[in-house]
Amino acid sequence: MAGTVTMPTPGARGGVVRVAVVGGGPGGLYAAALLKRLDPTREVTVWERNTPDDTFGFGVVLSDETLGGIEHADPVVYEALQQHFTRWDDIDIVHRGTRQTSGGHGFAALGRRRLLEILHERCRSLGVELRFRSEAPYPAWLAETYDLVIAADGVHSSTREAYAHVFRPHVASHHCRYIWLAADFAFDAFRFEVAETEHGVMQLHGYPYSADASTVIVEMREEVWRAAGFDELDEQESIDRCAKIFADALGGRPLRSNKSAWTTFRTVVNERWSYANVVLLGDAAHTAHFSIGSGTKLAVEDALALAACLEEQPSLEDALAAYEEERKPVVASTQRAARASLEWFENLGRYLDQPPRQFAFNLLTRSRRVTHDNLRLRDAHFTASVEREFGCPTGTPPMFTPLRLRGLTLRNRVVVSPMDMYSATDGLPGDFHLVHLGARALGGAGLVMTEMVCVSPEGRITPGCTGLYNGRQGEAWRRITDFVHAQAPGTAIGVQLGHSGRKGSTKLMWEGIDEPLEDGNWPLMAASPLPYKPYSQTPRALSRAQLTDIREQFTAAAWRAARAGFDLLELHCAHGYLLSGFLSPLTNQRTDAYGGSLAKRLRFPLEVFDAIRSVWPEERPMTVRISATDWTDGGTTAEDAVEIARAFASHGADAIDVSTGQVVEDERPEFGRSYQTPFADRIRHETGVPVIAVGAISSWDDVNSLILAGRTDLCALARPHLYDPHWTLHAAAEQGYAGPGVAWPAPYRAGSRRPQTGRTDAPKPRLSLGS
């Protein structure tokens, strides 16, 4: 039993007089030093099971941001660190015998052992009691005896496990094995090297941490590790094998270890970080993959934030709440970046055939923290070389390069994503749709998509959804396409055709999204008789005859769309609507030819696609939107999505629009910037079919980065175009671009420069008096 934890009685600094720190790593030691420095009357004790000289790993990388915090909080530690840092600016990426170098990155590293020595010295000078070779007492005893217990006891934290019912940790293992080693020479850059062996792909991460030593991490997927026989080698044999594989990088020099062992990275996430007077810090609270160099950095920043919150808040309870509130969003952002980096290296083999400079750019921007614009500032020469290799004319950002799909050439890579407007009457698009789509066409995007246009009255989501199931609707759409072609020449307009399936007959979004109509409901149809939500209407399972009817409805709508002048047609097979409902095993429980295996679940959507393709003009492209994952167990997987995309491509799809989710109510999406892009990236590289990436892509810098890295061919943005209909024009203006990839409408050209917002030439203060 974990025991009961009680809060301390009031005293100095919010009642925190006696502090127990479990774990003598950098985070725990620095927290101890800061708390003692802030209040010398405190009794601070650190328990560390190992000796003072024991350490695992070799070099530690710290960012300028972290160092700035250390300098402000404890100049003594900062000065000691400064004396031992090794600094460098370059990153070398070696792949297939070619080295690409990017500069301007600014790294600082030192030996982990020296870092611990500096923190030991600082703790002793301040009066912190350091207990080495000593297991910490049981967490419940510490919590009863001390005012504050800081659990800095690492990824395998026993303190966290003692209160797991409160902290609710989630620990995920991943697909690669890695080992920490060292070499007795200094790399002249941060080096990434790829080795393509008979067993599979292996990679080296190396960086200097002193004038004569470097950290070397060797990493590979589990199956490669086993195929190469590493699972049968002892420590020295593994080291020798790694040195042989990466002999070129090492210059033939040997590697050495420090109790090194192959391990699998574990991502730790906790729902809570504190319980009464016990608080988690560093790897006990969270981990982030070593490929973004974040472990020590995060632990030190945790210590800084915890000390500051204890100083600023009136009580321990308030301080721990403030600490968690401050650090959790920062750590979550870092973990998202680390997860993207980790998965990039797990799937490194996917990118091996990219051109050398694009491969290097892809690696550098893998976490989405380094972007095209950021890299251009760091190393304009390198970024320009990547752009030239990609085919960007001089002065042309990647997003303004053209893309050809069949007979349609899009002048840039920006798509106004389909967005339901719920503003039609009897399926008829009106003035609102003309203004809405016309404004976004004038805004410069290469392609503007309609909302999901429904193929029948019963296929609408709401009474406000548009349709293409009669001639009057076709004429109304023609009015809109004519406007776009006449007033925004160079902008293409596409139609998305779909059927709501089990998600139909609901209220307008702002009246209650996915809620059934209070009256006027129409019957629903779906692959299987499963309601979307417990209170939703239960659909009827479609009979073979009804499947034929719906296929014909799609065909007739596509014929009307062609006559209406649309340049591109997208078939909506995502988000839990009718065709998506056939693809997902969670929503398709049929036992006939249209249910069961993925091939059978694909049958009806492919029949619809083929029927549309037969009436859609040959020179005009067709795309398909899919949900690449259902974000829940038992649903569509990323592997399924690749096969779905491959199937549609084999039937003539010119691109796959890769969205995710919205198929079942109990989904658990992993939201974040560009969070759906990895699914598009995978489909693009495993099938060779062009893709459209969607999902929280919000800046032109994101678009440039994704296009230039080869992760997508087009980027579809929704909310940014609601915020700014002229998003693409403004992106061009902000980048100083005025080429053929975008054009300001003649009446708007006077607005192509950002207007002044206020006086900027006011006299600056010349004298500042210190207090």
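**Notebook: strands, helices and single residues in a predicted model**

I looked up Arg625 and found that its bridge partner in β26 is Asp657. The model I am reading is a predicted one.

**Entry 1. The barrel**

I next turned to the two strands concerned, β25 and β26, and noted that they pair in the parallel sense over five bridges. Helix α22, residues 598-615, packs on the sheet and touches β24 (568-573) as well as β25. I recorded an angle of about 165° between the direction of α22 and that of β24.

I then followed the strand order. The strands β19-β20-β21-β24-β25-β26-β27-β28 form a closed barrel of eight with parallel pairing. Direction ignored, neighbouring strands of this sheet are turned by 30° against each other on average.

I consulted UniProt for the region. An unreviewed entry there lists residues 399-732 as "domain: NADH:flavin oxidoreductase/NADH oxidase N-terminal". In the model, I found the end C-alpha atoms of residues 399-732 to lie 9 Å apart.

**Entry 2. Helix α24**

I asked which residues of helix α24 (residues 677-687) are buried. They are Thr677, Phe679, Ala680, Asp681, Arg682 and Ile683. I then listed what covers these buried residues: the cover includes the strands β25 (622-627), β26 (655-659) and β27 (691-693), and also the helices α23 (638-650) and α25 (700-708). Just after α24 I noted Gly688, which takes a positive phi of about 80°.

**Entry 3. Helix α17**

I checked the length of helix α17, residues 431-442. With 12 residues at 1.5 Å a residue, α17 should span 16 Å, and its end C-alpha atoms are 16 Å apart, so the two values agree.

The buried residues I found in α17 are His433, Leu434, His436, Leu437, Gly438, Arg440, Ala441 and Leu442. Their cover includes β19 (414-416) and β20 (447-454), together with α18 (471-487), α26 (719-723) and α27 (727-734). α17 is followed by Gly444, for which I recorded a positive phi near 105°.

I moved to strand β11, residues 190-197. Six of its eight residues are buried, and β11 is therefore largely enclosed by the rest of the structure.

I looked for the strands that pair with β11. Strand β5 (residues 91-95) pairs with β11 in the parallel sense over four bridges. Strand β12 (residues 200-210) pairs with β11 in the antiparallel sense over seven bridges. A hairpin of two residues joins β11 to β12.

Arg191 let me trace the pairing across the strands. The bridge partner of Asp92 in β11 is Arg191, and the bridge partner of Arg191 in β12 is Gly206.

**Entry 4. Strand β9**

I asked which residues of strand β9 (residues 148-151) lie on each side. Leu148 and Ile150 are on one side, and Val149 and Ala151 are on the other.

Strand β1 (residues 18-22) pairs with β9 in the parallel sense over four bridges, and I noted Val19 opposite Leu148 in β9. Strand β16 (residues 278-280) also runs parallel to β9, joined to it by three bridges. Here I found Leu280 in β16 as the bridge partner of Ala151.

**Entry 5. Two single residues**

Where is Asp353 found? I located Asp353 in the loop between α13 (316-346) and α14 (356-364). Its relative accessibility is 68%, so Asp353 counts as exposed. The side chain of Asp353 makes a polar contact with the side chain of Arg96, at 3.1 Å. I also compared Asp353 with Asp64: the two are 289 residues apart in sequence and 35 Å apart in space, C-alpha to C-alpha.

Asn374 I found in helix α15, residues 372-378. At 26% relative accessibility, Asn374 counts as partly exposed, because buried would require a value under 20% and exposed one over 50%. Asn374 and Ser705 are 331 residues apart in sequence, and I recorded 9.8 Å between their C-alpha atoms.

Technical notes: Residues numbered from 1 in each chain as written. Predicted model: local features only at pLDDT ≥ 70, side-chain atom pairs only at ≥ 80, totals over all residues. Heavy atoms only, no water. Buried < 20%, exposed > 50% of the residue type's maximum accessible area, 1.4 Å probe, protein only. Contact = heavy atoms within 4.5 Å. Pairing = 2+ DSSP bridges. UniProt positions renumbered as here; feature names shortened; annotations may be inferred. Axes fitted to C-alpha atoms, helices over the stretch in contact; angles between N-to-C directions. Polar contact = N/O pair within 3.5 Å; in protein donor to acceptor, adjacent residues only side chain to side chain. Expected span 1.5 Å × (residues − 1).
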